Amino acid sequence: QEEYHRCTAKECILQKGNQAGGSLTGFVEVARAITGQDPYGKYPKENGVAVCLGYGEKHVGRVIHKYLFRSGAFSIIKDEVTKRWRTYRPWLRDQIFNNFGGDLHRHKEAKPAPPLIPQRFIDGNIAWHKRSENIFSYAKFVNGWELHALNSAGEASQAQGFQVDLYDIDEDVATSGWHEEAVGRTAI
C-alpha cells in the first residue's frame, strides 16, 4: 500500500484480491489529497478537484461515502509501545506480515476508526442525489478542494468540462469510456 501512495506516475493501478484493502488504500489517497495532507506532495494543498467513480449509484453510497465520511472503514488500536492509535492488525501475534505481528489477542481493545475525512474539513453541506442512501454527488472542503462522486453506469461524457487533480476509480466500470475520460481530465 505504501508503494501505491508513494507513486508519482499519472496513472497508478492497485491490483489485489477481494477484501485485501484496495478500496481503503484508494480512499486514503483521496482523503490525503482533499485534506491537504499527502505526505509526498503530489497534490495541491488547496483548490484541487477529485473524482471518485463508483460501480453504479449504490456503490457511491455504500462504499465511497462509507470510506470517506463515516466511522468504521477500518479498526484502530493503541500501540502497546508508543501508546498512539494505529491500524488494528487482525492476525495472531506470532504471525508476521509486512514485519508486524498481529493484534488478535487484543481484539476487544480495537475500535472503529474515525472518518478518513472528518466533518471539520467539509465546507457547508454535501450535495445529495439520494440522502437516505448516502448517495452524494458533490462536496466542497474548507481548503477549496472539491469532490465529485460519479456513477459509472452513466455515460462517461458526464465527466467532461473540467480538469481533475485526482481521479479514483474504485472497482470496475459499468460502461465503457471512463478510463479514457479519466486520463483526459487528469491535470498533468
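How many helices and strands are there in the protein chain? The protein chain has four helices and eight strands; helices are DSSP runs of H or I with at least four residues, strands are runs of E with at least two, and both are numbered from the N terminus. This is a predicted model, where local features need pLDDT of at least 70 and side-chain atom pairs count only at pLDDT 80 or more, while totals for chains, interfaces and linings use all residues. Residues are numbered from 1 along each chain as its sequence is written, and side-chain values use heavy atoms, leaving out hydrogens and water.

**Whole chain**
- From the N terminus on, the elements run α-α-β-α-β-β-β-β-β-β-β-α.
- Of the 188 residues, 41% count as buried (under 20% relative accessible area; exposed is over 50%, partly exposed in between; 1.4 Å probe, protein chains only).

**Three-stranded sheet**
- An open sheet has the strand order β3-β2-β4, with antiparallel pairing (two strands pair if DSSP finds at least two bridges between them).
- Its edge strands are β3 (85–87) and β4 (111–112), and each pairs on one side only.
- Strand β2 (residues 75–78) pairs with β3 over three bridges, in the antiparallel sense.
- Ile77 stands opposite Arg86 in β3.

**Tyr167**
- Tyr167 lies in strand β8 (residues 166–169).
- Tyr167 counts as buried because its relative accessibility is 13%.
- Leaving aside residues up to four places away in sequence, Tyr167 touches Val51, Leu53, Leu150, Ala159, Trp178, Ala182, Arg185 and Thr186 (contact means heavy atoms within 4.5 Å).
- Val183 is 16 residues from Tyr167 along the chain, and their C-alpha atoms are 8.4 Å apart.
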